[in-house]
Amino acid sequence: MDDIMTPTLLNQQENLLAFATRYQQLMLLYEGGIKQITTKLDILNREYHISGQRTPIETIKSRLKTPKSIAGKLKRKHFPITIDSIVENLNDVAGVRVICPYISDIYTVRNLLVNQADVVLCREKDYIKNPKPNGYRSLHLVLQVPVYLSDGVENVRVEVQIRTIAMDFWASLEHELHYKTDGVVPPGIAEELAGCAAVIAETDRRMESIAVRLNQLSADFQEPALGAP
């Protein structure tokens with residue numbers, strides 16, 4: 001068999017190589033966007049710790065969507081599977097998840113990020129004040145940050161999800177159950193999941209109320225009594 005490639009096959013190979021190269025370059029940008037956000041969060045958390053304040057962040061997680069997940073989402077939304085389509089139509093290729101102790105910490109972290117000069121808030125969805133029908137709660141932000149390259153600056157969008165430990169616990173279990181049922185959760189179980197989410201939300205509120213009361217007691221205990229030197 002002749003090993004010489006036909007012009008058509010050669011063109012296909014060149015197109016594939018060009019796509020792969022551009023895809024790698026794009027993923028590099030998204031990785032840079034993730035590092036920009038996680039570095040900002042690490043610095044803010046360390047600042048709180050060094051100043052002796054309670055830190056508002058428990059853990060920080062990050063991920064890049066897989067090629068299969070990217071292609072699947074573009075297909076479901078009837079978008080072309082191209083590099084330009086990824087950039088224009090997807091906001092969650094780069095993702096950062098921030099886990100906080102209390103609900104108020106979520107909005108503290110949100111404000112600390114959004115108020116930075118090089119961060120642009122592109123979109124915000126508050127599923128804490130307006131939970132999804134299944135009970136899901138979290139604050140979703142799409143932030144645009146600059147990534148500096150050797151030949152210039154590229155602005156990259158990163159989805160940031162901020163939630164409490166309890167919200168993350170529920171979401172992880174719900175995701176696992178959703179996966180086991182191939183995305184179709186029976187109505188009875190769906191109602192139970194929503195009920196569990198409501199219980200967890202109430203627990204979040206009560207735990208924060210307890211924390212506020214304890215903080216006040218601690219502050220009162222440390223204040224000198226009247227007439228004390």
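**Contacts, rings and charges in a predicted model**

Q: Which residues does arginine 137 touch, not counting residues up to four places away in sequence?
A: In this predicted model, arginine 137 touches Tyr127, Ile128, Pro131, Arg163, Met167, Ala197, Ala198 and Ala201, when residues up to four places away in sequence are left aside. Arginine 137 itself belongs to the loop that runs between strand E3 (120–126) and strand E4 (139–149).

Q: How many aromatic pairs does the structure hold, and what makes the pair of phenylalanine 19 and tyrosine 23 stacked?
A: There are 2 aromatic pairs. For phenylalanine 19 and tyrosine 23 the ring centres are 6.4 Å apart, which is within the 6.5 Å limit for pairing, and the planes meet at 20 degrees, which is under the 30 degrees required, so the pair is stacked. Both residues lie in helix H1 (residues 7–50), 4 residues apart, or about one turn of the helix.

Q: How do you know whether phenylalanine 19 and tyrosine 23 are buried or exposed?
A: Buried means under 20% relative accessible area; tyrosine 23, at 17%, therefore counts as buried, whereas phenylalanine 19, at 36%, falls between 20% and 50% and is partly exposed.

Q: Why is the pair of tyrosine 127 and tyrosine 136 called edge-to-face?
A: The centres of tyrosine 127 and tyrosine 136 are 5.9 Å apart and their planes are at 65 degrees; the angle is over 60 degrees and the distance is within 6.5 Å, so the pair is edge-to-face. Tyrosine 127 is buried at 16% relative accessibility, and tyrosine 136 is buried at 10%. The charged end of lysine 132 sits over the ring of tyrosine 127, 4.9 Å from its centre, and lysine 132 also lies over the face of tyrosine 136, at 5.0 Å from the ring centre.

Q: What makes arginine 54 and aspartate 105 a salt bridge?
A: The closest N and O atoms of arginine 54 and aspartate 105 are 2.9 Å apart, and because the cut-off is 4 Å, the pair qualifies. The pair links distant parts of the chain, 51 residues apart, with arginine 54 in the loop between H1 and strand E1 (59–64) and aspartate 105 in helix H4 (residues 103–114). Arginine 54 is partly exposed at 45% relative accessibility, while aspartate 105 is buried at 4%.

Q: How do you know that Lys61, Arg163 and Asp168 are linked in a network?
A: Lysine 61 meets aspartate 168 in a salt bridge at 3.5 Å, N to O; since lysine 61 lies in strand E1 and aspartate 168 in helix H5 (residues 165–180), this pair ties together parts that are 107 residues apart in sequence. Arginine 163 also forms a salt bridge with aspartate 168, at 3.0 Å between the closest N and O atoms. Both distances are within 4 Å, so Lys61, Arg163 and Asp168 are linked through salt bridges. Aspartate 168 is buried, with a relative accessible area of 9%, as is arginine 163 at 3%, whereas lysine 61 is partly exposed at 39%.

Conventions:
Residues numbered from 1 in each chain as written. Predicted model: local features only at pLDDT ≥ 70, side-chain atom pairs only at ≥ 80, totals over all residues. Heavy atoms only, no water. Helix = DSSP H or I, 4+ residues; strand = E, 2+ residues; numbered from the N terminus. Contact = heavy atoms within 4.5 Å. Phe/Tyr/Trp six-rings, centres within 6.5 Å; stacked < 30°, edge-to-face > 60°. Buried < 20%, exposed > 50% of the residue type's maximum accessible area, 1.4 Å probe, protein only. Lys NZ or Arg CZ within 6 Å of the ring centre and 35° of its normal. Salt bridge = Lys/Arg side-chain N within 4 Å of Asp/Glu carboxyl O.
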